[in-house]
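Please keep the model open beside the text as you read.

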Amino acid sequence: MTGWPSATAPSPTAAPQLLPRPVALSLFTLVVSEDTGVRDLSLKQVRDIYAGRITNWSQVKGRALPIQLVSRHPGSGTRSALEKRVLDGRPLPAVTTNDCRSLDTGRPGRCEVGGTPALLDTVAATPGALGHSEVGSAAAHEGVRQVRIDGYPATLEGADQGAYPFWETEIAYTYGEPPADSIAAGFLRYLADEVGKDVIRSQGHRPCSELDKPLVCRPAGS
């Protein structure tokens, strides 16, 4: 069967029968609630926030609000990309509550949710919230604002210049080579045709076939 990509690829030695096929370059973005007063953070500031060294938006020229980190559960591709590409491999801090609805917004905190729609809803509804999302989902959601990193928005151009760090290669896996008449093979062909590529683009991703090195499927500057 074909699995839609995760930002964390399985080890080839652990699953030698899995065949990887790069499908898309995905761009992710940090998002904040509208009340933070912040639309741009340096990479150092982002790392300091997730390390607990910056705990209030006023420390980065925002409003006097404690920072509430809203994250996906472990295993999320978006979370893995955040830890790997933005936080330089460092894990997220410990959660302060298992229910985002019970965050004490009078002090810094962190909670986790299961999916991107829930994360965006939580960020929009929580004073001082900061989260992470696919670009397409964030752009379509009211009540959140995307955050530039070192002045760069989440665009392929910024990633190509090596300046925008929050991206990942999305990979489809099959268990061995699927038969040509199988559903898995048909789905892979669909991803590679124009209709499938239009769907990929509509979600804020870039089909690998449009990049200079489609089999590698990484930004030019990486």
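The chain carries 23 positive and 24 negative side chains, and the centres of these two sets lie 6 Å apart. Here Lys and Arg count as positive and Asp and Glu as negative, while His and the chain ends are not counted; each charge is placed at NZ of Lys, CZ of Arg, CG of Asp or CD of Glu. Keep in mind that this is a predicted model, in which local features need pLDDT of at least 70 and side-chain atom pairs count only at pLDDT 80 or more, whereas totals for chains, interfaces and linings use all residues. Residues are numbered from 1 along each chain as its sequence is written, and side-chain values use heavy atoms, with hydrogens and water left out.

Now for the overall fold. The secondary structure comes to seven helices and eight strands, taken as DSSP runs numbered from the N terminus (helices are H or I with at least four residues, strands E with at least two). The radius of gyration is 18 Å, close to the 17 Å that the globule rule gives for 222 residues, so the chain is as compact as a globular protein of that length. That radius is taken over C-alpha atoms, and the rule is 2.2 Å times the number of residues to the power 0.38. Along the principal axes, the C-alpha atoms fill a box of roughly 60 × 35 × 30 Å. Of the 222 residues, 47% count as buried (buried is under 20% relative accessible area, exposed over 50%, partly exposed in between, with a 1.4 Å probe and protein chains only). Among contacts (heavy atoms within 4.5 Å) between residues at least 6 apart in sequence, 70% join residues at least 24 apart.

Let us go inside. The largest nonpolar core has 35 residues, and those with the most contacts inside it are Leu30, Tyr50, Trp57, Leu130 and Phe166. Such a core is a set of buried Ala, Val, Leu, Ile, Met, Phe, Trp, Tyr and Cys residues joined through side-chain atoms within 4.5 Å. S1, H1, H2, S6 and H5 each supply at least two residues of this core, and the largest share, five residues, comes from S1. A second, separate core of twelve residues includes Val31, Val70, Leu103 and Ala129. Back at Leu30, its contacts beyond four places in sequence include Val46, Tyr50, Leu82, Leu130 and Phe166.

Helix H1 (residues 43–51) deserves a look of its own. Its residues Leu43, Val46, Asp48, Ile49 and Tyr50 are buried, and their cover includes strand S1 (18–33), strand S3 (68–72) and strand S5 (129–134). After H1 comes Gly52, with a positive phi near 85°.

Which other residues have a positive phi? Asp88 does, near 60°, in the loop between helix H2 (77–86) and strand S4 (109–113). Asp150 has a positive phi too, near 55°, and sits in the loop between strand S6 (144–149) and helix H5 (156–160). Most residues other than glycine have a negative phi. Asp150 is partly exposed, with a relative accessible area of 42%.

Finally, consider two contrasting places. Ile183, in helix H6 (residues 183–192), counts as exposed at 77% relative accessibility. Ser76, in the loop between S3 and H2, is buried, with a relative accessible area of 6%.
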